[in-house]
Amino acid sequence: MPNRIDFRQEIINLLHAANGKSLRNCMQCGTCSAVCPAAPFMDYSPRALIELIASDLKPAVLASNAYWTCASCYLCTARCPRGINVAELMYGLKRYSIWRNRYRRSLLGPGFSKRFVKMILRTGRSFEPSLAPAYVLRYGVRGFLNEALMALRLLRLGRMPMRPHRIKRIANFRRMVNRIVPILGAT
Amino acid sequence: MKTYSYFPGCSLESLAESYHISALATARALGVELEVLDDWNCCGATAYFHIDELLAHTLCARNLAMAENTGHDLVAPCSGCFKNLYFTNAELKKDPDLAEHLNFALQEDNLTFQGTIAVRHLIDVFVNDVGLEEIKKRVTHPLKGLRVVPYYGCQLLRPRKDHEDLEQVTFFEDLLSAMGATPRMFPLKMHCCGASLIVTNRPAALMMLRNLLQCASAALAQVIATVCPLCQINLEFYQQQVNREFGTSFAMPVLYFTQLLGLALGIPPGQLGIGKEVIPATPVLSCIREEAVPTHS
């Protein structure tokens with residue numbers, strides 16, 4: 001046994017932990033890329049991404065936008081003739097790129113997920129308006145105006161969340177989270 | 001009357017409140033008791049699984065343990081919540097080490113996961129526990145002539161929960177037929193609405209939505225029926241933006257299956273949250289029984 005594992009083995013291990021079949025089963029048929037609704041927006045299709053991993057091209061994988069463009073629809077997983085959980089691979093790569101702090105800074109996905117996680121730690125439930133400010137200007141002034149008009153519309157229809165709902169046992173909830181990942185400091 | 005523990009999920013508190021009230025109203029009309037789970041927390045959505053799997057499972061485990069204390073199976077109306085709760089339940093049942101680890105955290109809230117209940121989606125409860133025959137019997141206002149496409153979306157079905165068929169699924173069509181509506185062929189019925197890409201990759205999500213709306217239009221649908229708040233919100237709130245982006249002119253109402261079912265059961269529209277749509281559904285709903293079913297397929 002070599003005492004140093006390559007990138008390919010590292011990613012295979014990630015998938016092993018997620019009960020997926022080994023990436024070694026991939027025969028590069030491209031079914032995952034053909035069914036993926038987000039593939040046109042990826043720099044590497046799911047099939048190509050797996051090939052990059054198999055070729056041990058770690059820098060290219062970590063610079064890719066592919067897994068952060070995955071919407072978790074699991075069509076690839078359902079259709080893979082070799083039983084590879086491709087969507088789970090995408091999750092694994094998202095986590096990997098966050099752990100290593102190595103993702104393309106122009107991507108919105110990593111920041112959104114981090115912000116979402118912190119929001120839930122505060123109240124126990126999601127409060128959509130607290131996520132919005134970071135994104136309203138991302139799609140230009142016109143995009144911002146569209147969002148503002150939609151917000152007003154929702155307000156009139158009584159569908160706009162007005163205040164964050166805090167769960168009753170939030171203190172217990174936060175201590176519970178802290179036992180898994182001590183991210184909250186002493187609470 | 002069969003009783004379930006009910007997990008509304010964050011969206012149903014405001015953006016998808018119509019789903020919440022129509023779910024409770026139709027359940028009552030069908031003799032199903034949905035008891036809202038006390039002090040439930042967010043299921044973690046996809047974001048928690050992007051950051052830390054163990055933490056994501058912990059959030060779900062708290063809800064599961066509280067539901068176990070009620071002694072009833074846990075029902076979720078949101079496909080995302082359903083998928084997360086379902087798989088955490090399944091993982092914890094088959095991995096005692098993982099359960100032990102999470103139970104150590106759950107002690108902080110005086111809870112223990114024991115693996116005594118099942119996790120279900122609301123449409124599954126209606127179709128399989130209440131049953132289509134029973135529903136048909138209770139329909140007093142059949143949605144005659146209303147052309148509906150059943151939008152299953154992704155996570156209700158995928159990834160596969162057990163050994164069920166993922167490709168030739170028809171229970172949603174069958175439910176629409178039981179309501180007296182006309183389900184239309186919808187080839188993209190199990191394709192993605194873009195989910196959170198609507199925030200993190202707007203162009204990709206808009207294209208997926210365009211494809212779905214195009215397909216529903218081509219199917220001559222008057223309404224898209226959904227089983228998930230995220231699908232409903234993406235398809236409805238961003239339809240205008242799709243029109244601007246692609247030069248289309250879609251004006252397709254998007255309702256929850258529980259709103260249509262409620263109408264068929266004779267529940268007044270106001271008690272089903274009808275009237276709170278961004279794209280009003282009332283015009284197409286008012287021509288029920290007046291408009292004939294198109295003869296071509």
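**Strand pairing in chain B**

Strand β1 of chain B, residues 2–6, is joined to β2(B) by five bridges, and the two run parallel. Strands here are DSSP runs of E, at least two residues long, numbered from the N terminus, and two strands pair if DSSP finds at least two bridges between them. Within this pairing, Lys2(B) has Val32(B) in β2(B) as its bridge partner.

This is a predicted model, in which local features need pLDDT of at least 70, side-chain atom pairs count only at pLDDT 80 or more, and totals for chains, interfaces and linings use all residues. Residues are numbered from 1 along each chain as its sequence is written, while chains are lettered from A and ligands numbered from 1 in the order in which they are written.

Next, the sheet. Four strands of chain B make an open sheet, ordered β2-β1-β3-β4, with parallel pairing. Its edge strands are β2 (32–36) and β4 (119–121) of chain B, each pairing on one side only.

Now β7 of chain B, residues 223–226. Four bridges connect β5(B), residues 147–151, to β7(B), in parallel; Val148(B) has Val223(B) as its partner. Three bridges connect β7(B) to β8(B), residues 254–256, also running parallel, and Thr226(B) is partnered by Tyr256(B). Both faces of β7(B) are covered: Val223(B) and Ala225(B) on one side, Ile224(B) and Thr226(B) on the other, are all buried (20 or more other C-beta atoms, placed from the backbone, within 10 Å of the residue's own).

Finally, confidence. Chain B averages a pLDDT of 95, on the predictor's per-residue confidence scale from 0 to 100. Over residues 291–297 of chain B, pLDDT stays under 50. Where pLDDT is low, the predicted coordinates should not be read in detail.

Note on methods. Two residues are in contact if their C-beta atoms, placed from the backbone, lie within 7 Å. A residue is buried if 20 or more other C-beta atoms lie within 10 Å of its own, exposed if 12 or fewer, and partly exposed in between; C-beta atoms are placed from the backbone.
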